[in-house]
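Please read it alongside the sequence and coordinates.

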Amino acid sequence: MVLLLAMQAGFCLGDGDFEAVVARVTESVVGVGSYQRTRTPAPLLVGTGFVVDDGYHVVTNHHVVSQTLADDAGEELMIFVGRGAQAQRRQARVIRRDTEHDLALLRISGTPLPALNLGRAGREVREGREIAFTGYPLGVVLGLYPVTHRGYISSITPVAIPAVNSRQLDAASIRRLRDPFLVYQLDATAYPGNSGSPLYDPETGALLGVVNKVFIQASKEALLERPSGITYAIPARYVRALLAPE
């Protein structure tokens, strides 16, 4: 309940200044990965996340944090904050998972960070709506440099597609066929490091969804011999459910 009340009071820009919106959103965007001192390079960025609630919580894709860490070799789950070569790392731990919608909630160490506006996006999200997303598709070896893309929602479509025959059905495909949920297909190109990036309204900065470059694309394009560069996003309502479970 505390998380839900806090997100209703999120910051909102309404002046239509896209530069100001990007600047505000970028303050809440972090890199997500791991750090292992004996590895070269020591930092490894897997995806992107964004700060929510009280500044100590981060939302990202579950597949970004689902890999097994080499604890015996000193590998730790980390988020990366800051900009350029001055980027810093913070320890993180997973405190809540929604594997069905490929989301995870992290708790981070250190001082609180600026939280993203999780207020209601206003009008209904429909095909043709303009969107933007900001993330870190290029890694952290040379520093942390945010990348922003702009486009629109080209389709609202089920995450599961029928298989041609039973040999193409695995357990995960069967579950999705039984209970598919709708995702946003975007007319904008994202990259694997963008997984977990916030999808937001370019006029207000309000959260619309979470970019998913790997999990959903694999589900939607399992039958294609040559997978496309189509990008998908998970609707924001599943983020709200993650933050305020029943």
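Over residues 161-166 the pLDDT stays under 50, pLDDT being the predictor's confidence in each residue on a scale from 0 to 100. For this segment the model has 10 contacts beyond four places in sequence, a contact meaning heavy atoms within 4.5 Å. Residues 220-227 likewise have pLDDT under 50 throughout, and the model has 14 contacts beyond four places in sequence for them. The structure is a predicted model, in which local features need pLDDT of at least 70 and side-chain atom pairs count only at pLDDT 80 or more, whereas totals for chains, interfaces and linings use all residues. Residues are numbered from 1 along each chain as its sequence is written, and side-chain values use heavy atoms, with hydrogens and water left out.

For the protein chain, the mean pLDDT is 83, and 77% of the residues reach 70 or more. Among its elements, the lowest mean pLDDT, 44, belongs to helix α1 (residues 2-8), and the highest, 98, to strand β6 (residues 103-108). Helices (H or I, at least four residues) and strands (E, at least two) are DSSP runs, numbered from the N terminus.

**Salt bridges**

Side chains of opposite charge can pair when their charged atoms come close. A salt bridge is defined here as a side-chain nitrogen of Lys or Arg within 4 Å of a carboxyl oxygen of Asp or Glu. The whole structure contains five salt bridges, including those tabulated below.

| Pair | N to O distance |
|---|---|
| Arg24 and Glu27 | 3.7 Å |
| Arg129 and Asp201 | 2.6 Å |
| Arg150 and Glu130 | 3.4 Å |

In the salt bridge between Arg129 and Asp201, the N to O distance is 2.6 Å. Arg129 is in the loop between β6 and β7 (130-135), and Asp201 is in the loop between β10 (198-200) and β11 (207-212), so this pair ties together parts that are 72 residues apart in sequence. Arg129 and Asp201 are both buried, where buried means under 20% relative accessible area, exposed over 50%, and partly exposed in between (1.4 Å probe, protein chains only).

The salt bridge of Arg150 with Glu130 has its closest N and O atoms 3.4 Å apart. This pair also links distant parts of the chain, with Arg150 in strand β8 (residues 147-158) and Glu130 in strand β7, 20 residues apart. Arg150 counts as partly exposed at 43% relative accessibility, and Glu130 counts as partly exposed at 43%. Glu27, which pairs with Arg24, is partly exposed at 47%.

**Helix α2**

Which residues of helix α2 (residues 18-26) are buried? They are Val21, Val22, Val25 and Thr26. Viewed down the axis of α2, the buried residues fall within an arc of 125 degrees, taken from the directions from the helix axis to the C-beta atoms, so they line one face of the helix. Their cover includes β1 (29-35), β7, β8 and β10. At the start of α2, a side-chain oxygen of Asp17 comes to within 3.1 Å of the backbone nitrogen of Glu19.

Thr26 has a relative accessible area of 17%. A polar atom of the Thr26 side chain lies 2.7 Å from the backbone oxygen of Val22. Beyond its neighbours within four places in sequence, Thr26 is in contact with Arg83, Thr134 and Pro146.

Phe18, also in helix α2, is partly exposed at 22% relative accessibility. Leaving aside neighbours within four places in sequence, Phe18 contacts Ala132, Thr148, Arg150 and Pro202. The C-alpha atoms of Phe18 and Gly205 are 8.8 Å apart in space, although the two residues are 187 residues apart in sequence.

Conventions: Polar contact = N/O pair within 3.5 Å; in protein donor to acceptor, adjacent residues only side chain to side chain.
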